[in-house]
Amino acid sequence: MATEIPEREELASVVVAEQTETSPSQPWFVTLRPWLFCLMFLVFVEMGVRVYFDTTTCLHDQRFDNFANPAAEDVWVDQIARDKAFKIVMIGDSVAVGPKLLRRNETIARYLELKLQQEFAGREIHVWNLSLPGARSTDQLCIVLKALPAKPDLVIVSGNYITFSQDVSQLPLLHPWLATNLNGAPESIRPYLQKHNYKETVDSAVTNAFEKSFRTIGMRQAINALVFGEQPRVPFEDPNPILMTAVETGKRIGILQPRSWVGRAPLDNWRDKHALPITQNNFNGRFYPQILEALRKSGAPALTYLTPQNPEPVATYMPHETYLANRKAIAGFFHDPQTPFYDFSDSVPTDLFIDNDHMLPSGNERLAGLIAEKMIPMIRMKLDSKNRQASSRTPPPTR
């Protein structure tokens, strides 16, 4: 009996946990509730963005160059096709885009739209600006082929003397995604498309598919521009809402404004960078006949022009006869019996330029007025043709 006491005392010293029962587990839908709420929020945002971009023409007064991508190009073209107004598509380079310190209503396209609406009172006219900075004729050809299925009422294509006087064959496609976003790139463009390895091809295909499937992703830059304002690209390559808001605010209150080049800085680099002789073998020139051919086949009326150049650096650094000969060569690339071409090289005075070819708002307005003068008869003919077609489709009144 004496030996049993220590054993009992030892057993009594065993510590028993206070809570031996397991706490009940939560249902899976309760655990995932925060994630489901976030997913639901994203779905509603996506639906709202789709309604905004896929059922309206909200982009008609925006700049296509706001970090454009294939998904954004598709949306732009769809909106052009949906537009019930008299729709004009403008295709050019950074001169047509306008410097970033310009407000959207200070570009050539916006001034042109305003002048045309004043001329045709009561008629809604939209100028869709599909221009991209640095666009070569190869890029412009791809944009034309993409935009023509939207059936624009009139197309404007501009050329820039500087692009002809540079050796752009070293970078023949500044925006190669424009070609790959076509159903089939033209035969003349394919040799200049960069060959990608398997990984790059798959990455590009997945990225494009993802951006085109989700509007909040594919149109993110357009959304940023609509909400925060536009952003200078250099030296900021990625969207920065704080910077965009600051720039937009500075433009609104007048702190950030474009200034004339006069008294600011000489344009000595104009001579070195833009002195290539312009001959019939010019690389940039060879694609404009293809653009004109595509316009003829589509039946869309078109107008082409050469953008103004700052007359003072031209007169300082280039012999006058050489300059005239080069312009004549450029006019040859644009020659087409059905498409009028206008050389506006000398149409803007030097004090209305920001640099050698980009203009102040007053310069853009001046050029827009000149373009409008040439377009008004073409628009009248197009409207008369539309009215005749509408009247022919209208059945006679029954008695």
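**Entry 1: helix α4.** I started with α4, where 10 of the 13 residues are buried, so the rest of the structure largely encloses this helix. My cut-offs for burial: buried is under 20% relative accessible area, exposed is over 50%, and partly exposed is in between, with a 1.4 Å probe and protein chains only. Helices (H or I, at least four residues) and strands (E, at least two) are DSSP runs, numbered from the N terminus.

Before going on, a note on the source: this is a predicted model, in which local features need pLDDT of at least 70 and side-chain atom pairs count only at pLDDT 80 or more, while totals for chains, interfaces and linings use all residues. Residues are numbered from 1 along each chain as its sequence is written, and side-chain values use heavy atoms, with hydrogens and water left out.

Which residues of α4 are buried? I listed Pro70, Ala71, Ala72, Glu73, Asp74, Val75, Trp76, Val77, Gln79 and Ile80. Next I checked the length: at 1.5 Å a residue, the 13 residues of α4 (residues 70-82) should span 18 Å, and the end C-alpha atoms are 18 Å apart, which agrees. The expected span here is 1.5 Å times one less than the number of residues. At the N-terminal end I found a cap, Asn69, with a side-chain oxygen 3.1 Å from the backbone nitrogen of Ala71. For such polar contacts I take a pair of N or O atoms within 3.5 Å; within protein, one must be able to donate a hydrogen and the other to accept it, and residues adjacent in sequence count only if both atoms are side-chain atoms.

**Entry 2: the cores.** A nonpolar core is a set of buried Ala, Val, Leu, Ile, Met, Phe, Trp, Tyr and Cys residues joined through side-chain atoms within 4.5 Å. The largest one has 58 residues, and those touching the most other members are Phe53, Leu59, Leu130, Leu132, Val144, Val155 and Leu295. Apart from this core lies another, of 33 residues, with Ala109, Phe120, Ile125 and Leu383 among them.

What does Leu59 touch, leaving aside neighbours within four places in sequence? I found contacts with Phe53, Val75, Trp76, Gln79, Trp128 and Met219, where contact means heavy atoms within 4.5 Å.

**Entry 3: the sheet.** I traced an open sheet of five strands in the order β2-β1-β3-β4-β5, with parallel pairing. Two strands pair if DSSP finds at least two bridges between them. The edges are β2 (125-129) and β5 (341-343); each has a single partner strand, so one side of each has no neighbour in the sheet. From one strand to the next, the twist averages 20 degrees.

Helix α15 (residues 288-298) packs on this sheet and touches β3 and β4, with its direction at about 175 degrees to that of β3. Axes are lines fitted to C-alpha atoms, for helices over the stretch in contact, and angles run from 0 to 180 degrees between N-to-C directions.

**Entry 4: strand pairs.** Five bridges join β1 (residues 86-91) to β2, and Met90 stands opposite Asn129 there. Another five join β3 (residues 154-159) to β4 (residues 302-306), with Val157 partnered by Thr304. Three bridges link β4 to β5, where Leu306 faces Asp343.

Are the faces of β2 covered or uncovered? Both are covered: Ile125, Val127 and Asn129 on one side and His126 and Trp128 on the other are all buried. In β4, likewise, Ala302, Thr304 and Leu306 on one side and Leu303 and Tyr305 on the other are all buried.

**Entry 5: two loop residues.** Asn310 sits in the loop between β4 and α16 (311-317), and is buried with a relative accessible area of 0%. Leaving aside neighbours within four places in sequence, I see Asn310 in contact with Trp261, Leu267, Thr350, Phe353, Asp355 and Asn356.

Lys151 is in the loop between α7 (137-147) and β3. This residue counts as exposed at 65% relative accessibility, and has a positive phi of about 55 degrees although it is not a glycine.

**Entry 6: overall counts.** Of the 399 residues in the protein, 46% are buried.
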